[in-house]
Amino acid sequence: MIVLFISFIQTVNAAQRHPDPDGCFSCHALEGLDYIDKNGVLRSASIDKQHYYSALHGSVPCKDCHRRIRDYPHKVENGEVDCANSCHVEEPSEGEPYTHKAVVKEYKDSVHGNGWYKGLTGGNRFREAKEAPVASCRFCHANELYIREAELPKFKEAFDHLDSECGSCHQGEIWLGQFGGHILRRFIGSRWNKNDHNKMCNGCHADHERMAKVEQKNEKTGEKEKTGPRFILASDSYATTLHGRLLETNVMQGASCIDCHAPKRFRHGVLRDEKNDASTHTDNLAETCAQSGCHAYATHPLNHRFVKTDLHDIDMIPVNNSIVPRDQSRLESGWVKALIALSPIIVILGGGSLLWWLFGGKKKSVTFSILGGDAFQEKMIGRKPKSKVKKKVHQKKKPIATLTRKEAEDE
Amino acid sequence: MIKAIEAIKAIPNPQKYRYAVIMASCTLFFSPFLFLPGLVDNPDLCGKVCIRRFYLFFPGMSPADVSGKMQVAAIGVYILSLILITTFFFGRMWCGYICPVGGLPELVSRTFSDKWKIEYRALPQVPIRYGYFSVYLALMPMLGISACTLCNFITIPRIFDAFSGNPKGLAFALSAVGLVNLALLFLLGFFATKGRAYCQFLCPVGALDGLVNRLGAKLRFTRRIRVERNRCTGCNICARNCMTGSIKMVDRIAVVDQLSCMSCHECVDVCDWGAIDWRAAPLDEDPKRKKKGVDFHPQPQWQAVYVSSPLSKNK
């Protein structure tokens, strides 16, 4: 009886996790479902069942996204996906179908908002890459595994105790069946850490040539302009900061790109610094830096300069002229001025050392530096430096060993 | 070449060992081998092994913020604690013998002629050091000036990176900040007399270490470089050789400034009279010498010996 009961539960769970009510897999699960598309590219329409079920949307029926497909065989074009559609599950607090609409809205308002979010098919990836200069949904959201393999045992163990732990407050089959796993994944199975986020951003932003082609709208003139080295080399300058260095060595206290640029809501709202709502706008920086677990003291009035620390300082990186347009403003940097002031001293001292080593310094005597040597003799040794002592004519003294006894007594 | 061999021969033996230890620690800490940072999977001396950042002060900091900073640089916290504890008992062994970042400029500087260097040792180093230290601790963080920009714990490892073929090292050495740091390395290191000007003025670890050194020097059982005043002849060879400028001749007697001394022992090695040594307790506990008319230190014995010896032979 117990065995029968357990097997029943397992079938119920399995049915919930593996929905294919429309029978799409009766064709798409077949291996070797290949065809050549309009562009002459060999494409595969086969879907690995196991892979799909374990992916992020594994519990979502195909037709929730591919809505225009009503019967089969279907046209390739009808496979289009609109990420802003409502879909699959009912959101428990409101009882309405879940939708990515709010996420898409946030994305549309962001700097990447010109990217594609609908009409996405497998066939138009190339066209998208050509036509859309900014990141679309699928630039970042490849349909990756739902839970990382390494974290699966941990997830399974927690899932087994879901009803006793989460279930003490969240009761009911629906909650446990539909949302328990989702939420648990966020706690345990979360796939991406800060380094993964950075890797995602760097997929485009570390590509200097690609970034050099980006044009931004000038808020004053309204015209599109090429970006400067600060934008093109943003990924490199970030890597020189402590934030970047900590993450590089897997110390997760460092801040990732989106920790500062899209810290709120759905984390899609990256905005330009000039925008009033931007998390990196000067007025909002203190709040952004003071996020939980970061620089909580950033909102203290005495730290108002601290939050203005330049985290994309191009003085920290060499500028490659072949990619970045020559920028005269770099020469106005305080660092460059300091360098111009210090260099001649180094040249004089270096040249002097070299010449001295080659030709001079044969006399075996105590040498004092040309710069500060006199002060050292006066202050530290307590003697007048030789250069300040008036030259006297000294009478030569006989060495002690040759003195007669009488002379020695006189001495 | 012969000149160079002669110069090496002239180095006192204990100092040769010290130089060797510094060179060994350069190999252990820097690229291409990176043995010690490699043990904790760190490519340089920054991030979790940084010993210079976790004590920075920001107004409005809570204890949680402090412990957060310490957690980030947990290994650095252990290293600094170890440095300070050894300093308390034995003097600044880390600074003088191990620190590769301070040691490398010193070694390079010693290969150049003293004539063409800047002599910083006459400057009032204690006020400058602790003045800068307080700016570093509180003012720079408040003003948003990154403590990393002038840190030679970045610069010197990056130079080694560059020579080991790591593009990151070269990138830093060619940036505006990197070039200014290189210039400072030249001016406060290679072209500074004895090459320790950065340690004297700017190093926050040195500043903390100096305080602990001074504190420990108050106790009788701790080992420090101390002068036996009865023996000092006032020849000033120790002051001339002191790499940190911590020996000053006061009334022709060497006086050691324990806030700056690194216990490198060079003064011990050059003193012909055994007047200065790394010892546990001061031998002369007399009050400070009085001035004018009072015999504040007995006439050294050696004068009489030296003058009388040839005469006694004649007898």
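At what angle do the axes of helix 9 and helix 11 of chain B cross? They cross at roughly 95° and come within 10 Å of each other. Angles of 65 to 115 degrees count as roughly perpendicular, so helix 9 of chain B is roughly perpendicular to helix 11 of chain B. Please keep in mind, as you look around, that this is a predicted model. Its scores are ipTM 0.85 and pTM 0.81. Here is a tour, from the two chains to their contact and then to two single residues.

**Chain A at a glance**

- Chain A is built with 19 helices and 6 strands.
- Of its 411 residues, 17% count as buried.
- Take the contacts in chain A between residues at least 6 apart in sequence: 49% of them join residues at least 24 apart.
- The average pLDDT of chain A is 80, and 82% of the residues score at least 70.
- Residues 1–17 of chain A have a pLDDT below 50, and this stretch has 5 contacts in the model beyond near neighbours in sequence.

**Chain B at a glance**

- Chain B has 16 helices and 4 strands.
- Buried residues account for 41% of the 315 residues in chain B.
- For chain B, 71% of the contacts between residues at least 6 apart in sequence join residues at least 24 apart.
- The pLDDT of chain B averages 88, with 89% of the residues scoring at least 70.
- Over residues 298–315 of chain B, pLDDT stays under 50, and the model has 7 contacts beyond four places in sequence for them.

**Where the chains meet**

- Chain A brings 52 residues to the contact, and chain B brings 51 residues.
- On the side of chain A that touches chain B, the elements giving two or more residues are helix 14 (242–248), helix 17 (334–358), helix 18 (373–381) and helix 19 (405–410) of chain A.
- Helix 17 of chain A supplies the largest share of that side, 13 residues.
- By class, the residues on the side of chain A that touches chain B are 31 nonpolar, 15 polar and 6 charged.

**Helix 17 of chain A against helix 11 of chain B**

- Helix 17 of chain A packs with helix 11 (residues 176–190) of chain B at an angle of about 30°, and their axes are 9 Å apart.
- Because angles under 35 degrees count as roughly parallel, these two helices are described as roughly parallel to each other.
- The crossing of helix 17 of chain A and helix 11 of chain B is left-handed.
- From helix 17 of chain A, the residues in this contact are A:W335, A:V336, A:A338, A:L339, A:L342, A:S343, A:I345 and A:I346.
- They meet B:A176, B:V177, B:L179, B:V180, B:A183, B:F186 and B:L187 in helix 11 of chain B.
- The residues of this contact divide into 14 nonpolar, 1 polar and no charged.

**Helix 9 against helix 11, within chain B**

- Helix 9 of chain B covers residues 152–163.
- Its residues B:N152, B:T155 and B:R158 meet B:G178, B:N181, B:L182 and B:L185 in helix 11 of chain B.
- This contact has 2 nonpolar, 4 polar and 1 charged residues.

**A close look at A:A262**

- You will find A:A262 in the loop between helix 15 (257–261) and helix 16 (285–289) of chain A.
- A residue is buried if 20 or more other C-beta atoms lie within 10 Å of its own, so A:A262, with 22 C-beta neighbours inside 10 Å, counts as buried.
- Not counting residues up to four places away in sequence, A:A262 touches A:R267, A:H268, A:G269, A:V270 and A:S279.
- A:A262 and A:A278 are 16 residues apart along the chain, and their C-alpha atoms are separated by 8.3 Å.

**A close look at B:C26**

- B:C26 sits in helix 2 (residues 13–29) of chain B.
- Why does B:C26 count as partly exposed? B:C26 has 19 C-beta neighbours inside 10 Å, and a residue needs 20 or more to be buried.
- Leaving aside residues up to four places away in sequence, B:C26 touches B:P100 and B:L104.
- B:C26 and B:I156 are 130 residues apart in sequence, and from C-alpha to C-alpha they are 9.9 Å apart in space.

Definitions and conventions:
Residues numbered from 1 in each chain as written. Chains lettered and ligands numbered in written order. Predicted model: local features only at pLDDT ≥ 70, side-chain atom pairs only at ≥ 80, totals over all residues. Contact = placed C-beta atoms within 7 Å. Nonpolar A, V, L, I, M, F, W, Y, C, P; charged D, E, K, R; others polar. Buried ≥ 20, exposed ≤ 12 C-beta atoms within 10 Å, placed from the backbone. pLDDT = per-residue confidence, 0-100. Axes fitted to C-alpha atoms, helices over the stretch in contact; angles between N-to-C directions. Parallel < 35°, antiparallel > 145°, perpendicular 65-115°, else oblique. Left-handed = near helix turned anticlockwise from the far one by under 90°.
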